[in-house]
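Please look over the sequence and the fold before reading on. The paragraphs below go from the whole chain to a few of its parts.

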Amino acid sequence: MKRRKSREIAGSSLAFLDVLACGLGAVVLLLTLAQEQVFGLNGEDQRLTTELAELQSRSAEVEKEIARITQSGQAVSDEIKDTSEALAVVKDKAARQSDVADTARKNKASLIEGIKKIKLNNPEDVIETPDQSGEEDYLIGLKVEGQRIAILVDCSASMTDERLIDIIRRKNSSDAEKKKGPKWRRTIRTLRWLLARLPRASMVTVIAYNETARNLGAKEWTSSVDEKGLTNILSNANEIVPTGPTNLSSALKAARELNPSDLYIITDGLPTKGDSGWGRLNVFSGCSSILGSSSKISGECRARLFEESVKKSGLSLSRKVNVILLPIEGDPYAPRYYWEWTALTGGLFIAPAQDWP
């Protein structure tokens, strides 16, 4: 009985231990699962924390970029505002200048109309100019003035025509045909134009020159109001047959002896002949035409002749020299040298249009 009771107690103890072991195993299992769950949650939190930090960093960068763009936009807006204000100032100034220009144009038009209505009391010309209706506008700058006026008229062979071929052809024609040369007739009209505009209180002398120089008219000096004397000068000019070379030196020497106050020269180019003996001067080395060994003369030699003629003339630069050039074909240096000469004396150089006077 007693052994049976012990076997019952031993069986009950074994069951209790099984139950206890099972319970303990269950607890261990639960703890393991809980630990895994906790560890899993910690990893996700770490990842989310990292992503959050990255997002916050990017957000800060975006905010900085927005601030920079906003600042730049403000600067552009300020610049646009400043430019607009400056443009408004310029437009206002342009508008005011336009108003001033309009007023100036109106005043100019009014002045022109006023000038057109002014009636000039021109003195009666002693010499008539039948081919001309009055002062030509494009020669307003040419004014005949001076107390003792010397007019030098080039009457060399080249004064008959403009073109070289026509000059050469007319050289072999009669004297009557030479006098009919269009440039020579123009020269006579130019002389008449000058004589018709002499100042009332002046004296005039006219010197024609080709190889030599001589006075036209009955006297060396003629009063500007001496109709007969001026008519004689024109009559003598109409008798001239243009021929021979151009010796400007002879004309200037003749003028110097008369001591004029103003010179007016009608010519078509630089001289082609100088005084005898100039061929020995060094300045003319290489100019065979000066030595009489050639029928032609180069432009350079003509320029040297011109400079030597003016230099040897003894006429001071205080005398005003005016030149009316009726240019000849193939003499490109003439305008330059005559312009320089007249500019030095305060005179005028003109090469008028072919339809003048």
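A contact here means heavy atoms within 4.5 Å. Among the contacts in the chain with a separation of 6 or more, 79% are between residues 24 or more positions apart.

This is a predicted model, in which local features need pLDDT of at least 70 and side-chain atom pairs count only at pLDDT 80 or more, while totals for chains, interfaces and linings use all residues. Residues are numbered from 1 along each chain as its sequence is written, and side-chain values use heavy atoms, with hydrogens and water left out. The term pLDDT stands for the predictor's confidence in each residue, from 0 to 100. Its mean over the chain is 83, and 81% of the residues reach 70 or more. Over residues 133-138 pLDDT stays under 50, and the model has 6 contacts beyond four places in sequence for them. Where pLDDT is low, the predicted coordinates should not be read in detail.

The chain holds 8 helices and 7 strands; these are DSSP runs numbered from the N terminus, helices being H or I of at least four residues and strands E of at least two. Its accessible surface, from the Shrake-Rupley method with a 1.4 Å probe, comes to about 22,400 Å², and 56% of this belongs to carbon and sulfur atoms. Of the 357 residues, 32% are buried. Buried means under 20% relative accessible area, exposed over 50%, and partly exposed in between (1.4 Å probe, protein chains only).

Two strands pair if DSSP finds at least two bridges between them. Strand 1 (residues 148-154) runs parallel to strand 5 and is joined to it by 5 bridges; here leucine 152 stands opposite isoleucine 265. Strand 6 (residues 320-325) also pairs with strand 5 in the parallel sense, over 6 bridges, and valine 321 of strand 6 stands opposite leucine 263.

Helix 2 (residues 164-171) has Asp166, Ile167 and Arg170 as its buried residues. These are on the same side of helix 2 because they cover an arc of only 100° around the axis, taken from the directions from the helix axis to the C-beta atoms. Ile168 and Arg169, on the other side of helix 2, are exposed. The cover over the buried residues of helix 2 includes helix 3 (175-179) and helix 4 (182-195).
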